[in-house]
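Have the structure open as you read.

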Amino acid sequence: MQLSSTPFKELRLERMSRAFGSFNALREISLTIRQGEFIALLGPSGCGKSTALNCIAGLLATTGGGIFIDDKRIDQLKPEDRGFGMVFQNYALFPHMSVRENIGFGLKMRGVAKAEIESRVDAALTLVRLQGQGNKPPGQLSGGQQQRVAIARAIVIEPPLVLMDEPLSNLDAKLRLEMRAEIRRIHAQLGATTIYVTHDQDEALSLADRVVVLRDGAIRQIGAPHELYDSPDHIDVAQFMGFRNCLRGVVTARNGLQASVAVGNATLTGMLRNDLNVGDAALVAARGDDVTSGDEHANTLPAVIESIEYRGREFVGSARTADDVELVFHTPKNVAVGSRVFLSVDPDRTIIFADKEV
Amino acid sequence: MTVSALDGHHAERGNKSIRQKLALRGIDGVTLLILPAAIFIVGVFIYPFFYGLVLSFTPMAGGGALANYQAFFSDPYLYNTIAATLRLALPVTILSLAFSIPIAMRVRLMERQRLLTTILVLPLTLGTVLVAEGLLNYLGPQGWFSRILILIGLIEEPLKLTNNYWGVLASLIITVFPFTFLLTLSYITGIDPALEKAAATHGANSWQRFRFVMLPLLVPGIAIAFCLTFVQAFAVFPSAVLLGAPSGDTRVISIAAAQAAFEQYDFSMASAIAMIMAVVQLGVVVAILAIRNMFYRGTTSGGKG
Amino acid sequence: MIRDTTIGAKLWIAAVWATVIFFVVNVLAMIAVVVISSFGTRWLGTWLPEALTLKWYLAAWKEFQLSEVLLVTFQIAFTVVALSGIIGVTAAYAMARRDFPGKKLLMLLFLLPLLVPPITYGIPLATVLYQWGPGGTFWGVVLANLVPTVPFVILVMIPFIEQIDPKIEAAARVFGAGTFRLFIHVLLPMLLPGILAALLLVLVRTVAMFELTFLTAGPTSQTLVVALYYSVFAAGVRAVQSIDAMAVIYMVSTLIWLLIALRFVNPTQIVARGKQANAH
């Protein structure tokens, strides 16, 4: 028995919104997902990613906009009539049913014949590598195995769409890596369209075809993992992608896509991400990995070392500038705490955003 | 010096054998705090029970150990009380549960349950005597209940609802239903809501969600609620006297026991009736728990965390 | 949660709420009838009494010697509260903090008096109390009422105590607090809400406990609820309204404590907490 997934062309969210009283948990989310895509909804807790997933699943009513599969509007359908599969954060396995009964639940609800349920459950058990565990109650399985059961339960119904709500957040670090690989393998094998909610950017970047970054109920950026990682459009996205160093300044010169920004007494050059002119307030961002301590060259900033930590290959430290901004950097050799250094960063690895708070 | 060291060693060992032996079994000074309560319950609950059991086999009027029980089961005025009590207790238990489950399924979705649960706690707190007194007025021939039914044209003559079976039934439902309901509600809210969501996303409609997910998980709780409700209802006493027909229809078993004790001063017979009462309650509880063991019993959460 | 918008579902929901409303309205009407009657003058064959008066309260107060009955009721109730608090909280502490052989059996021992209805164990208990001597006296009633209240305090307090981190106690001991000072300065302040809630509920239970008091009380040790029973039982001797006035006084004396207790506990817990241990 071979499992597959129900075909459709695209799933469209059109200005999907959800308000709780006066609080807007989701603000006009628009997104088109193609058949077979793996989409990650990424954002900090409270950004609306779980609300979005629950709205798509039908567990939460939307308060605006629509959800379409091809040309069929589905946001008025009850969750049981949408035909999706879902993997829950705490697995939500039925404790009173065996593993087989759990996996076969969706098929039983659809009135599939017993013999077919059996063979499809077998196929699903093989797919998640749980052959021989089928008759146990889920409580006897380990966390990772329970999560495999939850995944099997979601995919056995061959749904057009699989929804995953932070499925790995309850596992320990080692198991999380293992299950991540497992989810990637199952997706590659089945090609089921998947929406995956997470707050872990590593998970999102390693699993997804496209990542949707949410913040305050709105989409900040949509893109392939490398696009987000290399060229975030927004300071929030940049901070999520590891741009931990962030400095306020004023644009002093512009040269095509490059600009120079005065930060305190120093001047930093970087790549413009927003359209800025001389005199505009700007935010300069760089990853800790890209900042090193060096001599007084161009694109450097004086700072005082506050702490330094040995990380095996190199040292990672934090330093404070004269303007009281904390910076993270790396260095090949140890530096004494309290000493003054010049931190330098490659202009190609530095990005500049408009500073909207000024 | 050697000797004194040995002595000290001995003393320490002697000390060990008392305190540390107990410590090995996990008993220390704090554990002993349990003693007053344990001794009290054994003395005032367990001992009287066995005293009553022995007393029931030493009849006041003589005639062999089983005379009280023979007397009970040969006198229809006495043994019929079991049937009379069951006729009240079983319908009340079944009705209370039958209403509690769907109502609790709804109430669990409410955000403000407090007002409702507080109102329901009222009759539980006020107790059977007050409910009986209130119902005497309310259900009586001149009471509001009949007047309202006449007003809306459902009946023409006032219903006779007091001093008979129906009055006692009503008072039992009023005191017992809130108990069953709050118990059921606490079981239902204990079920992980993610399970129902999981069932819904995998295609179960509301009836299927109840039938295949909620109900099987609720069976252990329902069994307990049935037992506790039944035992409460079976012990019906003041309302059967005040609101029923204590020498007729609603002559329940506790009336027989109280009469034996306080009208005939035959404590031996009264104890025998109390033992019979306990045996019937125990029998129903054991039967229900045996049925429950045929079903799933275990956690009602869907995973860890 | 999950929306259900079909007509069948709506009808079902409406039926469920109709049942709830029917029940609640009847309970409230029943209570209202007693209250109105106690303030009414003549009330025969009409919706409401002809006029309002306070005379039934005066009558009830005199006829039923309510001042004495109330005094006895609260003497008994507060004695029960104090004793069950001392015995119950200490036992609950030991049950929550220590594991020892026979703990499960002991738990069952404490559960039984809550599960078995009072009338069942009350008759043998009354027999023994009359044999020993305290039957029919103040202390007989107190002893009988302690049978369900001590286990009740234990079962309510165990989860309260379990949720306090034992390391806090360890810290207090390391910094030099003896057992007594540990209890007064560390445990008592943290347990106070729980103890208060448990004891208020004990107060409510004792004031409202009919069966055990009925079986063990003598003429001078009757509580209000037993006096109410006797007056309803002998209805016809006194005016209905004065019995109702007494019922209202009884209601007030119970509900005050309940309302205070409800500030500390959820109504569901009044029923369910003691039963949780039994559920597993």
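This is a predicted model. Let's start with chain B, which is divided into domain 1 (1–56) and domain 2 (78–292). On the contact between them, domain 1 of chain B puts in five residues and domain 2 of chain B six. The C-alpha centres of these two domains of chain B lie 44 Å apart.

As for surface, domain 1 and domain 2 of chain B bury about 440 Å² between them, and 78% of that is on carbon and sulfur atoms. Which residues of domain 1 of chain B supply more of the buried area than any other three? They are Phe49(B), Leu55(B) and Ser56(B), which together give 78% of what domain 1 of chain B buries against domain 2 of chain B. Sorted by type, the domain 1 side of that contact in chain B has three nonpolar residues, two polar ones and no charged ones. Polar links across the chain B interface come to one residue pair in polar contact, with both residues at pLDDT 80 or more. Salt bridges there number zero.

Now for chain A. Its domain assignment gives domain 1 (10–236) and domain 2 (237–357). Here the contact takes 17 residues from domain 1 of chain A and 15 residues from domain 2 of chain A.

Here are the two interfaces side by side:

| Domain pair | Separation of C-alpha centres | Buried area | Share on carbon and sulfur |
|---|---|---|---|
| Domains 1 and 2 of chain A | 38 Å | about 1400 Å² | 63% |
| Domains 1 and 2 of chain B | 44 Å | about 440 Å² | 78% |

What about charges and polar links in chain A? One salt bridge turns up across the interface of its two domains. Asp233(A) forms a salt bridge with Arg273(A), with the closest N and O atoms 2.9 Å apart. There are also 13 residue pairs in polar contact across the chain A interface, both partners being at pLDDT 80 or more.

If you want to trace the domain 1 side of chain A by element, helix H7 (201–207), strand S10 (218–223), helix H8 (225–230) and helix H9 (235–240) are the ones that give two or more residues to the side touching domain 2 of chain A. By type, the residues on that side of domain 1 of chain A split into eight nonpolar, six polar and three charged.

Notes. Residues are numbered from 1 along each chain as its sequence is written. Chains are lettered from A and ligands numbered from 1 in the order in which they are written. This is a predicted model: local features need pLDDT of at least 70, side-chain atom pairs count only at pLDDT 80 or more; totals for chains, interfaces and linings use all residues. Side-chain values use heavy atoms; hydrogens and water are left out. Domain bounds come from an automatic or database domain assignment. Contact means heavy atoms within 4.5 Å. Buried area is the accessible area (1.4 Å probe) that two parts lose on being put together, summed over both. A salt bridge is a side-chain nitrogen of Lys or Arg within 4 Å of a carboxyl oxygen of Asp or Glu. A polar contact is a pair of N or O atoms within 3.5 Å; within protein, one must be able to donate a hydrogen and the other to accept it, and residues adjacent in sequence count only if both atoms are side-chain atoms. Helices (H or I, at least four residues) and strands (E, at least two) are DSSP runs, numbered from the N terminus. Ala, Val, Leu, Ile, Met, Phe, Trp, Tyr, Cys and Pro count as nonpolar, Asp, Glu, Lys and Arg as charged, and the others, Gly among them, as polar.
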